[in-house]
Amino acid sequence: MTDFLTLLDLDMQELTQYVTDMGYPKFRATQVFDAMYQGKELSEITTLPRDLLEKIKDKYPSFSIVKRLESKDGTKKYVYRFADGEIVEGVFMRYKYGNTLCVSTQVGCRMGCKFCASGLYGLKRNLSAGEILQQIVTVNRDNGGDAKNRSITNVVLMGSGEPLDNYDNVTKFFRLVTSERGLNISQRNISLSTCGLVPNIYRLADDGFSVTLTISLHAPNDEIRQKTMPIANKYSVKEILDACKYYFDKTGRRVVFEYTLVDGLNDTDYCVKELGRILHGFPTHVNVIPLNFVKERGLKGSPVARAHDFAKKLNDSGVSATVRRTLGADIGGACGQLRNKLLDPTPPSP
Ligand code: SAH
């Protein structure tokens with residue numbers, strides 16, 4: 001078996017192999033699996049023999065909630081710590097159709113978007129599949145859910161990190177989280193948000209995944225996009241749209257575009273017209289989001305009225321668009337506000 005970080009990185013078959021290789025019967029693997037998916041700590045498993053507990057203790061996932069902040073709107077921000085001390089954040093949101101957890105896929109991020117807090121200190125490391133899953137298992141339990149009666153029904157990969165920059169772990173995570181004996185969350189209820197790593201969009205479609213693809217577009221052309229997103233120097237808007245068409249043709253899933261409005265930069269009448277033009281006829285929905293304030297970044301969001309006007313103009317041009325409700329801004333849990341440092345970090349000296 002290839003190396004793995006914790007037992008939560010293994011699927012049922014791999015876990016069974018691991019446990020039976022040590023000389024234990026198959027049903028011991030099921031017991032371990034079920035305990036992990038219920039979010040139990042090793043000390044809470046009472047059904048396993050002592051010697052087995054001892055053998056798996058270094059590989060059993062160890063993860064703790066360091067902080068839980070509750071917003072006025074019911075949104076909860078979580079700060080978690082992994083075994084190696086690294087910290088990431090997550091956001092639990094209540095919607096009419098169910099509860100959504102926003103998960104992180106990397107500690108930090110190397111994409112360097114000028115409006116986002118997640119990449120302020122660069123990329124520290126990738127999260128493993130099990131570490132991404134662990135966030136859901138933990139928050140599920142924290143909100144009274146278990147593997148059968150889930151308190152989390154939807155997952156968005158919109159926390160810190162660029163999911164397509166951690167392709168193998170993210171796709172393994174999809175396999176784990178959708179498994180029937182696991183959390184059984186369907187791909188329809190999972191959204192992957194990317195700044196547009198074009199080759200991996202094709203790869204995702206070719207590997208047979210059909211999660212909702214969400215593109216952080218934020219500009220209607222390359223010139224404006226390059227002002228805030230370094231990745232725009234590598235892949236053009238046209239290349240991204242071609243990849244989205246390919247994804248739609250393969251999966252039949254409408255692609256969602258995120259458009260964060262920065263005052264005076266990408267919120268002009270020219271931009272809305274151009275965006276309407278390039279997305280016309282494409283089966284899509286645009287989420288318009290007024291930029292949330294990130295103090296180190298210094299960029300100003302457009303006024304809310306401008307966001308509504310922007311969305312209306314897109315709808316008038318035949319492109320479906322809404323202004324996304326901002327949840328959790330008062331606790332630093334809104335889009336782009338997540339950072340991998342506890343509380344108010346002092347930036348490293350230059
Ligand atoms: N790296 C991925 C996923 C994480 S970001 C991506 O780029 O899509 C989740 C969303 O929040 C993205 O659409 C991102 O562009 C947006 N975002 C980042 N900073 C923001 C800010 N300050 N205000 C509003 N949205 C922001």
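Begin the tour at the crossing of α9 and α10, which is right-handed (the near helix is turned clockwise from the far one by less than a right angle; helices are DSSP runs of H or I with at least four residues, strands are runs of E with at least two, and both are numbered from the N terminus). The model is a predicted one, in which local features need pLDDT of at least 70 and side-chain atom pairs count only at pLDDT 80 or more, while totals for chains, interfaces and linings use all residues. Residues are numbered from 1 along each chain as its sequence is written, and side-chain values use heavy atoms, with hydrogens and water left out.

Select residues 269–279 for α9 and residues 304–316 for α10, and you will see the two helices pack at an angle of about 35° with their axes 9 Å apart (axes are lines fitted to C-alpha atoms over the stretch in contact, and angles run from 0 to 180 degrees between N-to-C directions). Next, show the side chains of Asp269, Cys271, Val272, Leu275 and Gly276 on α9 together with Arg306, Phe310, Lys313 and Leu314 on α10, since these make the contact (heavy atoms within 4.5 Å).

Now move to the ligand, where Phe115, Ser193, Ser216, His218 and Asn292 come nearest among the 20 residues around it (a heavy atom within 4 Å). Select Ser216, where an N or O atom of the side chain is 2.5 Å from an oxygen atom of the ligand, and then Asn292, where a backbone N or O atom lies 2.8 Å from a ligand nitrogen atom.

Conventions: A polar contact is a pair of N or O atoms within 3.5 Å; within protein, one must be able to donate a hydrogen and the other to accept it, and residues adjacent in sequence count only if both atoms are side-chain atoms.
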